[in-house]
Amino acid sequence: TSASSQPESHTKKENFVGQSNMDVGGNGGGLIVNNKQRAMLPNKSRGEFVRNQRKDSEGFSESPDLEFEYADTDKWSAELSELYSYTEGPEFLLNRKCFEEEFRTHVSDKKWTELDVAQHRAHAMRLLDGLEVIAREKRLKVARAILYMAQGTFAECSSEAEVQHWMRYNIFLLLDVGTFTALVELLNMEVDNSAACSSAVRKPAISLADSTDLRVLLNIMYLMVETIQQEDPADSPEWRATRETFKTELGSPLYNNEPISVMLFGMVTKFCSGQAPHFPMKKVLLLLWKSILFTLGGFEQLQNIKVRKREQLCLPPLPEDSIRVIRSMRAASPPASASDLIEQQQKRARRDHKSLTKQDNLDAFNEKDPYKSDDPREDEDDNDDNDNSMEVEPFPMERDEVMPPPIPHPPSERVNFPKGLPWAPKVREKDIEHFLESSRSKFIGYTLGKYWELSTVTVFSISLQHKYISIAEIQIAKEDEFQKTPLSGVRILLSKRKELTCDSPPYQIALLKILLAAAPTSKAKTDSINILADVLPEEMPTTVLQSMKLGVDVNRHKEIIVKAISAILLLLLKHFKLNHIYQFEYMAQHLVFANCIPLILKFFNQNIMSYITAKNSISVLDFPYCVVHELPELTAESLVSCTLHPSHS
């Protein structure tokens, strides 16, 4: 219970598993398998430091510490830039052109930023009326004009901060006049457009042009959801009330008698079934993720809900704030490769041979036992053994020099953990019972069975001190009681709760199919789905520079898809587990049946450090930088330099 309740999604300041503007997973990724303290505590002995280094990476590999942040999402600017592929770059000017043509027919002597609130609202209402015209081309031009408003009317801005300011203002204005409801209706109409679906199925190669209408609508909806959920202390009370109202409506069956997330899940399953291969799946997944995150809440909200539920159930408070604990941990060193493991075994064999001349075999075994006691004499032997085995000298151990000072960190982030895992120990009462029964049976030869009482073992104060009762145990106990009273009203409510999750297996299978197609070690197959439909241009590149740019764009596209899917699955698992343990088990069981575990292992079947630190992005082409600053001339050399060393992040 305690392990699965910890937050696993994270972001990285520079580049880490899906929470920067070019990476995957994260956050929703949560692929860290072992974490230790960021720096060695000053009062630790030399032997303990060497032992911790060995436990962290058996191959003595010198892996750099990765700067990362655990959070639900990355910075707002990074999340905005990930919505657009670099192939969509020319459409920014097209959106601006459509807006200015419409705007100049009504206002000829002023800019948008020079109008007052009443004039802004009047023009927004005119654009909303334009979405109801029958002509498809006219409707698309109006939608592009609305998209330009949601993008902050960047042509009249001189900085990225100014663009973001007008984005928030315009988006709250669009929401106030009812634009989001009209967009949902248009999206429903485009999803049910059988002519577009049949045309895309017959095409041998699908490109960006096949999903133009869908992309424009999804772009506006994503910008609205992502911007409105960003809380700002300077927001007016009207904006705060609008945010809460929109959050409630987004999670309610107000749109086509179903929540917006259910409609988006339907688009995912339709795409994976081959009926609509032209759907822009990256944008669908990003909107789905942010809709779930906004309506259900992130890790901070989960922690608050967990605290309230424990108070309602009269359970002891949580022993620690898991968010704070995990944010103080360092990134795990990647596992050693097969060649490193073989080399390490050879070094151990040589050390074993040398140790025979000093002591017997038993002492040699205890010297390398990771579970040995903290005897200081054994620490000295362990240090000597490590000193003899190091060929490269990362620390001056052999010359008995002073240890280098630990890496300084802000006092607010520093958390002094005891030796071992940073989590507070937790043990269930059932585990204590099982331990005592097995111990009696092994050493005494009898058991107490059902007559065992916890009060008879108060001498086990250490175990009882860490006794932990989870919310899941209470839920399971109540479920067992409901089984005995099947006609009770509470049981009927639980049956309704079970109906809400009955449609989740097709959604999970569809998500895992897309995740498989985006896996870095997956090989292209004829029967696999095409997830690059909304990134490939109509005309394939003809120069080296265009090919390099498209290659970066494709890798970035896949990483963002992996980030969105992993965040969706992780978020749903955590909310299901907190809502009811059987919901969590139901979803987890179907993930196992759908081979989710081997799929996750595909991401580890590679050089993890290279995968994490890869920078598949071109910073000068990221929004809103690309629409505010004058873009330099890109060459093959500058493209490589910009990819490896971005000028801004």
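This is a predicted model. Start with helix α11: ten of its 13 residues are buried, so the rest of the structure largely encloses it. The buried ones are I260, S261, M263, L264, F265, M267, V268, K270, F271 and C272. Note that K270 is on that list. The helix runs over residues 260–272. From first C-alpha to last it reaches 19 Å, close to the 18 Å expected at 1.5 Å a residue. After α11 comes G274, with a positive phi near 90 degrees.

Next, the cores. Which residues touch the most other members of the largest nonpolar core? They are F180, L285, I514 and F623, out of 115 residues in that core. Helix α23, residues 544–579, supplies the largest share, 14 residues. Take F180. Leaving out residues up to four places away in sequence, F180 touches L175, M221, M224, V225, F246, L250 and Y255. There is also a second, separate core of ten residues, and V325, A331, I608 and M609 are among them.

Is H580 buried or exposed? Buried, at 8% relative accessible area. Its side chain reaches the backbone nitrogen of Y582 at 3.1 Å.

Compare a residue in helix α22, L516. At 38% relative accessibility, L516 counts as partly exposed. The C-alpha of L516 is 6.6 Å from that of L599, and the two residues are 83 apart along the chain.

On to the aromatics. The count is 14 aromatic pairs. One of them is F92 with F154, edge-to-face, 6.3 Å centre to centre and 90 degrees between the planes. F92 is in helix α3 and F154 is in the loop between α5 and α6, so this pair ties together parts 62 residues apart in sequence. F103 and W112 make another edge-to-face pair, at 6.1 Å and 70 degrees. F103 and W112 are buried too. These four belong to one aromatic cluster, along with Y84, F99, Y148 and F623.

Last, charges over rings. The charged end of K290 sits over the ring of W289, 4.7 Å from the ring centre. For R556, the ring is that of Y86, and the distance to the centre is 4.5 Å.

That's the tour.

Key:
Residues are numbered from 1 along each chain as its sequence is written. This is a predicted model: local features need pLDDT of at least 70, side-chain atom pairs count only at pLDDT 80 or more; totals for chains, interfaces and linings use all residues. Side-chain values use heavy atoms; hydrogens and water are left out. Helices (H or I, at least four residues) and strands (E, at least two) are DSSP runs, numbered from the N terminus. The expected span of a helix is 1.5 Å times one less than its number of residues. Buried means under 20% relative accessible area, exposed over 50%, partly exposed in between (1.4 Å probe, protein chains only). A nonpolar core is a set of buried Ala, Val, Leu, Ile, Met, Phe, Trp, Tyr and Cys residues joined through side-chain atoms within 4.5 Å. Contact means heavy atoms within 4.5 Å. A polar contact is a pair of N or O atoms within 3.5 Å; within protein, one must be able to donate a hydrogen and the other to accept it, and residues adjacent in sequence count only if both atoms are side-chain atoms. Rings of Phe, Tyr and Trp (its six-membered ring) pair if their centres lie within 6.5 Å; planes under 30 degrees apart count as stacked, over 60 as edge-to-face and the rest as tilted. A charge sits over a ring if NZ of Lys or CZ of Arg is within 6 Å of the ring centre and within 35 degrees of the ring normal.
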